[in-house]
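Please look over the sequence and the structure, then read the points below.

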Amino acid sequence: MIRSLTAAVLSSTLLAAHACAQMPGAEPAHAQSATLNLSATGEVASAPDIATVSLGVVSQAPNAGEAMQANARQMNAVFTALQGAGIEERDIQTSGLSLGPVYSNTSSRPQGEPRITGYRASNTVTARVRDLDSIGGVIDAAIGAGANTLQGLSFGLIDRQAAEDEARQRAFAELERLAGIYEAGANVRIERVMTLSESRFTPGPRPMMMARAESLSTPVASGEVGVQVTINAVYEIREADG
């Protein structure tokens, strides 16, 4: 597991004491509060435990009905192949379905008017792969059954919340460390936290060495999935006593 912490100090402001006299009963100027703004990022990177592959079938025929029928036959074979490769029915979902005309090359016609020469049907599915060692075999099975488009492959975490909570804990630990440095360096005391906000980010995959079956004709490396949580804090501070 790759772990890293980054922190950025956004701004800090201390109020200087006023030279002018204070009104009776007014709080001394040196006791007035100021704010300290800090930001820290906690990151957790770990091996993914689920993958999503998007693939499908594009078919073309002289008329719309034939294009859809041909596509349906081919797509049914792909569904069967995915299930045969170990993908559960609940993990297969249609993500795109379209039908449209195919036009002739307008440059070959005198007036440049398009002419419909056929129809193209497209059907795309996304399949969640829970056994990452089988990804190559799943892709091979789908293509062997008639899939002729591969839209992409992505990796993720089933329990993403656990990674985000760990990243939050690291960000808070870094905020505490930074606040301590400012208290000592600027001779101030943190009174309270005024506001807190967070932002989350998923970095791109990181390469890592991994074992994979040599029998796969489509090699796949899963790398690592990173989770980042940035905490922004505004503290009320006062000049330290003594």
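Which backbone nitrogen does a side-chain oxygen of Asn63 reach at the start of helix 1? The oxygen of Asn63 comes to within 3.2 Å of the backbone nitrogen of Gly65. The model is predicted, so local features need pLDDT of at least 70 and side-chain atom pairs count only at pLDDT 80 or more, while totals for chains, interfaces and linings use all residues. Residues are numbered from 1 along each chain as its sequence is written, and side-chain values use heavy atoms, with hydrogens and water left out.

**The chain as a whole**

- The protein chain has three helices and eight strands; helices (H or I, at least four residues) and strands (E, at least two) are DSSP runs, numbered from the N terminus.
- Starting at the N terminus, the order of elements is β-β-β-α-β-β-α-β-α-β-β.
- The protein chain holds 242 residues, and 33% of them count as buried; buried means under 20% relative accessible area, exposed over 50%, and partly exposed in between (1.4 Å probe, protein chains only).
- Of the contacts between residues at least 6 apart in sequence, 82% join residues at least 24 apart; contact means heavy atoms within 4.5 Å.
- About 13,900 Å² of accessible surface belongs to the protein chain, and carbon and sulfur atoms account for 52% of that surface; the areas come from the Shrake-Rupley method with a 1.4 Å probe, and for residues only the protein chains shown count as cover.

**Nonpolar cores**

- In soluble globular proteins, nonpolar side chains tend to be buried together.
- The largest nonpolar core has 20 residues, of which Leu38, Leu175, Tyr235 and Ile237 touch the most other members; such a core is a set of buried Ala, Val, Leu, Ile, Met, Phe, Trp, Tyr and Cys residues joined through side-chain atoms within 4.5 Å.
- At least two residues of this core come from each of strand 2 (34–46), helix 3 (160–186) and strand 8 (225–239).
- Strand 8 gives the most to this core, namely seven residues.
- A second, separate core has 18 residues, among them Val57, Leu82, Ile87 and Val138.

**Helix 1**

- Helix 1 covers residues 64–84, and at 1.5 Å a residue its 21 residues should span 30 Å, which agrees with the 30 Å between its end C-alpha atoms; the expected span is 1.5 Å times one less than the number of residues.
- Ala67, Asn71, Met75, Val78, Ala81 and Leu82 are the buried residues of helix 1.
- These residues cover an arc of only 110 degrees around the axis, so they lie on the same side of helix 1; the arc is that of the directions from the helix axis to the C-beta atoms.
- Gln69, Arg73, Thr80 and Gly84 are exposed on the other side of helix 1.
- The cover over the buried residues of helix 1 includes strand 3 (50–61), strand 4 (92–103), strand 5 (116–129) and helix 2 (135–145).
- Asn71 belongs to helix 1 and is buried, with 3% relative accessibility.
- Not counting residues up to four places away in sequence, Asn71 touches Val57, Val58, Ser59, Ala121, Ser122 and Asn123.
- Just after helix 1, Gly86 has a positive phi of about 105 degrees.

**Helix 2**

- Buried residues in helix 2 are Ile135, Gly136, Val138, Ile139 and Ala142.
- Their arc around the axis is only 165 degrees, which puts them on the same side of helix 2.
- Strand 3, helix 1, strand 5 and strand 6 (149–156) are included in what covers the buried residues of helix 2.
- Gly146 follows helix 2 and has a positive phi near 130 degrees.

**Selected residues elsewhere**

- Thr124 lies in strand 5 and is buried, at a relative accessible area of 10%.
- Leaving aside neighbours within four places in sequence, Thr124 is in contact with Ser54, Leu55, Gly56, Gln93, Thr94, Ser95, Gly96 and Gln151.
- Asn105 sits in the loop between strand 4 and strand 5 and is exposed, at a relative accessible area of 53%.
- Twelve residues separate Asn105 and Thr117 along the chain, and their C-alpha atoms are 9.7 Å apart.
- Most residues other than glycine have a negative phi.
- Asn187 is not a glycine, yet its phi is positive, about 55 degrees.
- Asn187 is in the loop between helix 3 and strand 7 (188–201) and counts as partly exposed, at 39% relative accessibility.

Terms used
A polar contact is a pair of N or O atoms within 3.5 Å; within protein, one must be able to donate a hydrogen and the other to accept it, and residues adjacent in sequence count only if both atoms are side-chain atoms.
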